[in-house]
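I opened my notebook to look at one helix and some charged pairs. Here is the structure I worked from.

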Amino acid sequence: MSIPVPEKRIAHFEKLGFGMFIHWGLYSQLERGEWTFDLHKDSIDKYPDCFNNFTAEDFDAKAICQLAKKAGMKYITLTTRHHDGFSLYDTKGLSDYDVMHTPCKRDLIKEFVDACNEEGLMPMLYHTTLDWQHPDFNNDFDAYLEYLRKSVEILCTNYGKIGGLWFDGNWSKRGADWKLDELYGMIHRLQPDAMVINNTGLSEQGKTGHPEIDSVTFEQGQATVMNREGMDKYVAAEMCQTMNRHWGIAVNDLDYKSPRQMIERLCHARKVGANYLLNIGLTGQGGVTKITEALLEIIGQWTSMAKESLYEGKPSTMVCNEDKDFVLEKDGYAYIYVHDLPLLGPKDVVVAYEKTDGDHSVRNVNRKVKSMKWVDNNEELLFTQDDDVLKYRATGYYYGTQLIVRIAKVEFEKG
């Protein structure tokens with residue numbers, strides 16, 4: 001069986017590689033996560049105050065886009081409406097429960113899309129499909145779906161070209177008829193180049209769910225290799241994860257991932273050909289926390305080093321003998337992503353000293369290797385090749401350097 005050729009929008013999406021997810025809404029003022037309305041009974045009583053106090057005075061879409069670029073991200077997915085039913089966009093009279101009826105009185109999605117376009121990032125619009133507060137969700141589902149379609153139609157017609165729609169919530173009524181043909185058909189008519197993604201949830205990671213889906217999701221999980229043989233269409237994959245344990249800001253959640261964890265997760269996603277969508281939760285009025293900014297800047301140091309192969313490199317049939325290591329191929333070169341290299345130096349200086357340089361190997365190398373070098377400092381690497389097995393000396397880090405994942409560029413002989 002053959003693998004289908006990806007449509008242009010899907011091929012473009014795959015090359016973006018790394019994106020920012022942003023969760024922000026009225027719940028952000030309560031600083032207890034995005035599910036606080038549903039999980040904390042006292043939050044329901046506080047929601048009117050959140051609505052009446054929402055100014056978005058700290059929201060600077062341009063600055064957020066610049067931070068995303070500094071981190072090496074190529075697109076941003078923002079929550080236009082989350083499960084509490086509040087919209088960050090002008091619903092054009094469809095509902096009073098939107099940003100235009102708060103003290104903010106600004107269409108924040110317009111600001112977001114305009115900033116993305118100015119900064120060369122692709123804007124993706126998250127939209128919930130479930131609604132905890134809309135009366136029709138449980139009482140007249142057909143009427144609710146009409147409200148949902150009209151909401152999405154506004155997003156498709158008032159902001160110019162968008163990168164795609166990212167839906168979330170169908171898992172709340174798995175047996176229901178969500179009339180997706182109508183919803184997706186409308187999107188394709190109004191935004192023919194837009195990606196259509198619908199999160200299948202924690203329990204069904206990597207499942208497509210509908211033939212019009214352009215990318216599967218792996219919420220809070222590790223993406224697996226997509227078997228696209230015999231598929232009717234080529235489908236991309238996206239691994240979305242939080243920096244700590246919550247999507248919306250939660251000030252008492254101190255369990256932030258380390259730069260190592262996030263960089264290794266990004267590498268794993270690219271290893272299997274998936275995008276990595278890393279979430280941040282904005283403050284109640286739309287600011288970025290200091291720890292979020294600092295972590296993204298550190299990640300940006302690594303992506304700046306890796307950019308030659310990170311985005312457009314494709315998973316290779318070459319196989320590394322070291323468990324975490326893998327190979328991407330781009331423009332006739334191979335790029336070996338090497339993990340867990342030692343920090344070199346005398347034992348009385350380097351506390352974490354482990355060992356000296358080690359020999360690594362790659363099999364299924366069916367071309368004659370001309371040279372190898374680290375991309376971060378252009379250091380040439382010693383290597384030998386025996387048929388399809390490449391062995392190379394994986395030099396460790398000099399004192400003062402620890403890149404977490406180092407990349408070796410392999411050049412092959414011509415012909």
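Entry 1. I began with Asp114, which counts as partly exposed at 31% relative accessibility. My cut-offs: buried is under 20% relative accessible area, exposed is over 50%, and partly exposed is in between (1.4 Å probe, protein chains only). The model is predicted, so local features need pLDDT of at least 70 and side-chain atom pairs count only at pLDDT 80 or more, while totals for chains, interfaces and linings use all residues. Residues are numbered from 1 along each chain as its sequence is written, and side-chain values use heavy atoms, with hydrogens and water left out.

Entry 2. Which side chain meets that of Asp114 in a salt bridge? I found Lys110, at 2.7 Å, N to O. A salt bridge here is a side-chain nitrogen of Lys or Arg within 4 Å of a carboxyl oxygen of Asp or Glu. Lys110 is partly exposed, at 43% relative accessibility. Both residues lie in helix α5, four residues apart, about one turn of the helix. Helices (H or I, at least four residues) and strands (E, at least two) are DSSP runs, numbered from the N terminus.

Entry 3. I then looked at α5 itself. It covers residues 108-119, 12 residues in number. From first C-alpha to last it reaches 16 Å, close to the 16 Å expected at 1.5 Å a residue. That expected span is 1.5 Å times one less than the number of residues.

Entry 4. Which residues of α5 are buried? I listed Leu108, Ile109, Phe112, Val113, Ala115, Cys116 and Glu119. Seen down the axis of α5, they fall within an arc of 160 degrees, so they line one face of the helix. The arc is that of the directions from the helix axis to the C-beta atoms.

Entry 5. I checked the ends of α5. At its start, a side-chain oxygen of Asp107 reaches to within 3.1 Å of the backbone nitrogen of Ile109. Just after the helix, Gly120 takes a positive phi of about 75 degrees.

Entry 6. I moved on to other charged pairs. Glu264 forms a salt bridge with Lys324, the closest N and O atoms being 3.6 Å apart. Glu264 lies in helix α9 and Lys324 in the loop between β10 and β11, so the pair ties together parts that are 60 residues apart in sequence. Glu264 counts as buried at 18% relative accessibility, whereas Lys324 is partly exposed at 39%.

Entry 7. Last, I noted a network of salt bridges linking Glu7, Arg9, Asp214 and Lys233. The structure holds 30 salt bridges.

Note on methods. A polar contact is a pair of N or O atoms within 3.5 Å; within protein, one must be able to donate a hydrogen and the other to accept it, and residues adjacent in sequence count only if both atoms are side-chain atoms.
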